[in-house]
Amino acid sequence: MKYQTQRVAYWYFLAAMGLFGIQVLGGLLAGWIYVSPNFLSEILPFNIIRMIHTNALIVWLLLGFFGAAYFMVPEESEREIYSVKLAYLQLIILVVGTLGAVGSYLVGIHGGREFLEQPLWVKFGILVAALIFLFNISMTVLAGKKTAITNVLLMGLWLLSLLWVFAFINPDNLSLDKMYWWFVVHLWVEATWELVMAAILAFLLLKLTGVDREVVEKWLYVIVATALFSGILGTGHHFYWIGLPGYWQWVGSIFSTFEVIPFFLMMSFAFIMVWKGKRNHPNKAALLWSLGSSTVAFFGAGVWGFLHTLHGVNFYSHGTQITAAHGHLSFYGAYVALNLAIFTYAFPLLRGRQPYNQVLNMVSFWLMTGGMAFMTFVLTFAGTIQTHMQRVVGDYYMDVQDSLSIFYIMRFGAGIAVVIGALLFIYSQLVIRNREIIEPGPAVTMPGE
């Protein structure tokens, strides 16, 4: 670690991992309710558990992004963070808002809009925290060195923060409501978050492989161009059935097929950088997570997204377990694994240690990735059967759900593997058995950096 203020990232990562644990446990509980529908139905209804599961996912990923920015920007800009106090204030607001949202859900207070259920005061808190972050990190970058990585990272973080404004727009007209809703949900995960992903992945590969910065930056700009080109108009694949003009069927279908390209480029980018790399970096676990993230993202967000994005297919499959399969694998690959990659790289540096617990960390990778892959296959088969029975044959919804019970049992088994892997990962980061200090004092640098 080269700059003192990078230590701010440590507390963001800790908070993120705490919510990560809550999120996967909530998902496991929700998975069991699919097997046993009346479980906790009066104490903790399924819709509340699902809110906690999805909201915890979004918040811990954002905490990871913010922490990654506070870790990366000082090194890229070659200066300390503008204000450490503002960074900690932002973290406090986000944690208090998260606890407040969960508390409100448990007593039945929520907005009712999927992913945007937060009470109004929590939404304002998130907006304030985002503005604090943008000011703090922008002042740091403006006063220091500018690089392609910081440019792309800032573009992604500015855009995702500004798009949050649409979370406050909740018109009575259902078509308008869903249109603005997708401006947040889709343009986050399939446009602006992709820029953040590309920037963090570029930083990691630059550090782990030793490839020339010019090569990394050329790839980065190509990925960004394709992500924005496909992701913005690709939003149209959600507009098919909500009352918007019919041309969105074709705009959405055509540009959604292009959304595979940036994820394929990111996967290619990662493997080519490793192939060209000149550095034998000691943190093998971080490299595994980086390669795994780009690969699983390509299959989850790219391939599985393409499987049911064309409007002729989407007419039947939308909202089935095929959607759940795509959502789980894409979020895991593109953003969960990426955050775990930056945690794995940064934690040894932030704690002044050599890379530690790497075997345990890599075991957690294979457990989580294997569990998520199996869950995706199971849900894909379940969704295919559901689509035929429910949307083609016309069987009743609950009759179809009863026929899918074997798939839900297998999905729950896959969820157990994911949870065990997540807990192993958290343990591998927090518990240090290797007491060797790399270098006394605050400035710690990995061999080869």
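**Surface, fold and aromatic pairs of a predicted model**

The protein chain exposes about 18100 Å², and carbon and sulfur atoms supply 71% of this area; accessible areas come from the Shrake-Rupley method with a 1.4 Å probe, and for residues only the protein chains shown count as cover. The model is predicted, so local features need pLDDT of at least 70 and side-chain atom pairs count only at pLDDT 80 or more, whereas totals for chains, interfaces and linings use all residues. Residues are numbered from 1 along each chain as its sequence is written, and side-chain values use heavy atoms, with hydrogens and water left out.

The protein chain has 15 helices and zero strands. Both are DSSP runs numbered from the N terminus (helices: H or I, at least four residues; strands: E, at least two). The C-alpha atoms fill a box of roughly 65 × 45 × 45 Å along the principal axes.

Of the 449 residues in the protein chain, 58% are buried. Buried means under 20% relative accessible area, exposed means over 50%, and partly exposed lies in between (1.4 Å probe, protein chains only). Among contacts (heavy atoms within 4.5 Å) between residues at least 6 apart in sequence, 85% join residues at least 24 apart.

A search of the whole structure finds 44 aromatic pairs. Rings of Phe, Tyr and Trp (its six-membered ring) pair if their centres lie within 6.5 Å; planes under 30 degrees apart count as stacked, over 60 as edge-to-face and the rest as tilted. One of the pairs is that of Tyr 34 and Phe 46, which is edge-to-face, with 5.6 Å centre to centre and 85° between the planes. Tyr 34 belongs to helix H1 (residues 8–35) and Phe 46 to helix H2 (residues 46–77), and the two are 12 residues apart. Tyr 34 is partly exposed at 29% relative accessibility, and Phe 46 is partly exposed at 30%.

Tyr 70 and Phe 133 also form an edge-to-face pair, with ring centres 5.5 Å apart and planes at 85°. Because Tyr 70 lies in helix H2 and Phe 133 in helix H4 (residues 120–142), the pair ties together parts that are 63 residues apart in sequence. Both Tyr 70 and Phe 133 are buried.
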